Amino acid sequence: MAAPPLRYAGPMRALVLSDVHANIVALDAVLAAAPSVDEVWQLGDIVGYGPEPDAVVDRLRGLGAVGVRGNHDLAAIGGIDIDSFNVDARRAMEWTRTAIGDETRAWLAALPELLVRGDWTLVHGSPRDPVWEYVTSTPVARAAIADLETPFGLHGHTHIPIGYLEEGGVLGTMSPSSGSLLELGGRRALLNPGSVGQPRDGIPAVSWMVVDTDAGTASWHRTSYDIASVQAAMEALHLPPRLVERLAYGL
Ligand code: ZN
C-alpha cells in the first residue's frame with residue numbers, strides 16, 4: 001500500500017512581514033526586536049518607494065525568507081507597466097528599476113504569487129487576485145476568506161494592520177494594536193500584519209506579526225526605528241519628497 005502523502009506540518013513560529021518597501025533600517029529594527037522564529041514569511045512589496053532594495057532582498061535571502069511577490073516587486077522586474085502607479089510611486093519605481101542588481105532581480109522573479117505553508121495561505125493582495133486586489137471592506141474580506149483553500153490567510157498591500165475573522169458565516173473585524181494577541185480558535189481568518197517600511201495607519205513605527213501555528217495564535221507588534229536616517233538616504237537619491245515626508249506621519 002502506498003504511503004499517504006506527507007503533510008507539511010508548518011513551523012511552530014513564523015515572523016510575518018509585509019510591504020518592506022526597500023526600507024532596510026525598518027527591517028533591521030524588526031529583526032532586532034522579534035523573538036526567535038522557525039521561519040520568516042514575507043507578503044510582498046519588498047522593493048519600491050524606499051532607498052535600499054538590494055540590501056532588503058539580501059537580508060531576506062540571508063534569512064531564508066519564503067513568501068510572495070507584490071505589485072511593486074512585479075513592476076521592478078518589468079513584469080507590469082507602471083502607468084497606473086501614481087506619480088510618486090512611478091518616479092520611485094523608475095529609480096528602483098535602475099538601482100537593483102541582477103541577483104535582486106532574479107530573486108524577485110522567482111517569487112510565486114501565492115504560497116501555502118501548512119494551514120496558512122500567503123498572498124500580497126487577496127486570494128483571487130494575489131498581486132492587485134485591496135482587501136479594504138468586509139464584503140471583499142468575506143469573499144477573500146471564502147476563496148482561501150486553507151483555514152487561515154495572510155495578506156498585505158493596504159499597509160494597515162487588521163484581522164478579519166469568520167465563524168458560522170459571521171464576519172468580525174479586529175483592529176490590533178501593539179501587543180494584541182489573537183487566539184484563532186475554530187474561526188477562519190485573514191490577517192494583515194501592516195507594513196514594515198511604510199506604515200499607513202497613522203503610526204510611523206514598523207508593524208509586524210508573529211504566527212504560532214501550534215498554539216493557533218497571532219500577535220501584532222510595533223517597533224520604532226531611525227526614520228530620519230531613511231529620509232536622509234531618500235533625499236540623497238532625490239526620491240519624491242512626499243514619499244520622504246510620509247514616513248514621519250505613518251500615512
Ligand atoms: Zn505596498
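Q: What makes strand β7 (residues 162-167) and β8 a pair, and in which sense do they run?
A: Five bridges join β7 to β8. Two strands pair if DSSP finds at least two bridges between them, so β7 and β8 qualify. They run antiparallel. Glu167 stands opposite Val170 in β8. The model is predicted: local features need pLDDT of at least 70 and side-chain atom pairs 80 or more, while totals for chains, interfaces and linings use all residues. Residues are numbered from 1 along each chain as its sequence is written, and side-chain values use heavy atoms, without hydrogens or water.

Q: Which sheet holds β7 and β8, and what is its strand order?
A: An open sheet of six strands, ordered β4-β5-β6-β10-β7-β8, with mixed pairing. Strands here are DSSP runs of E, at least two residues long, and helices are runs of H or I of at least four, each numbered from the N terminus.

Q: Why do β4 (114-117) and β8 (170-174) count as edges?
A: Each has a single partner strand, so one side of each is left without a neighbour in the sheet. Neighbouring strands of this sheet are turned by 15° against each other on average, direction ignored.

Q: Why are α1 and α2 called roughly parallel?
A: The axes of α1 (residues 24-33) and α2 cross at roughly 25° and come within 9 Å. Angles under 35 degrees count as roughly parallel, over 145 as roughly antiparallel, 65 to 115 as roughly perpendicular, and the rest as oblique. α1 and α2 are therefore roughly parallel to each other.

Q: Which residues make the contact of α1 with α2?
A: Ile24, Leu27, Asp28 and Leu31 in α1 meet Ala55, Val56, Arg59, Leu60 and Leu63 in α2. Contact means heavy atoms within 4.5 Å. The contact residues divide into seven nonpolar, no polar and two charged. Asp, Glu, Lys and Arg count as charged; Ala, Val, Leu, Ile, Met, Phe, Trp, Tyr, Cys and Pro count as nonpolar; the others, Gly among them, are polar.

Q: What makes α2 oblique to α5?
A: The axes of α2 (residues 53-63) and α5 (residues 102-109) come within 10 Å and cross at roughly 60°. Asp54, Val57, Leu60 and Arg61 in α2 meet Glu103, Thr104, Trp107 and Leu108 in α5. These divide into four nonpolar, one polar and three charged.

Q: Why are α7 and α8 called roughly antiparallel?
A: Helix α7 (residues 227-236) and helix α8 (residues 241-249) have axes that cross at roughly 175° and come within 9 Å. α7 and α8 are therefore roughly antiparallel to each other. Ile227, Val230, Gln231, Met234 and Glu235 of α7 make the contact with Leu243, Val244, Glu245, Leu247 and Ala248 of α8. The tally is seven nonpolar, one polar and two charged.

Q: What makes Phe85 and Trp132 an aromatic pair, and of which kind?
A: A search of the whole structure finds three aromatic pairs. Phe85 and Trp132 form one that is edge-to-face, 6.4 Å centre to centre and with 80° between the planes. Rings of Phe, Tyr and Trp (its six-membered ring) pair if their centres lie within 6.5 Å; planes under 30 degrees apart are stacked, over 60 edge-to-face, and the rest tilted.

Q: Where do Phe85 and Trp132 sit in the chain?
A: Phe85 is in the loop between α3 (71-76) and α4 (87-99), and Trp132 is in the loop between β5 (120-123) and α6 (138-147). The pair links distant parts of the chain, 47 residues apart.

Key
Axes fitted to C-alpha atoms, helices over the stretch in contact; angles between N-to-C directions.
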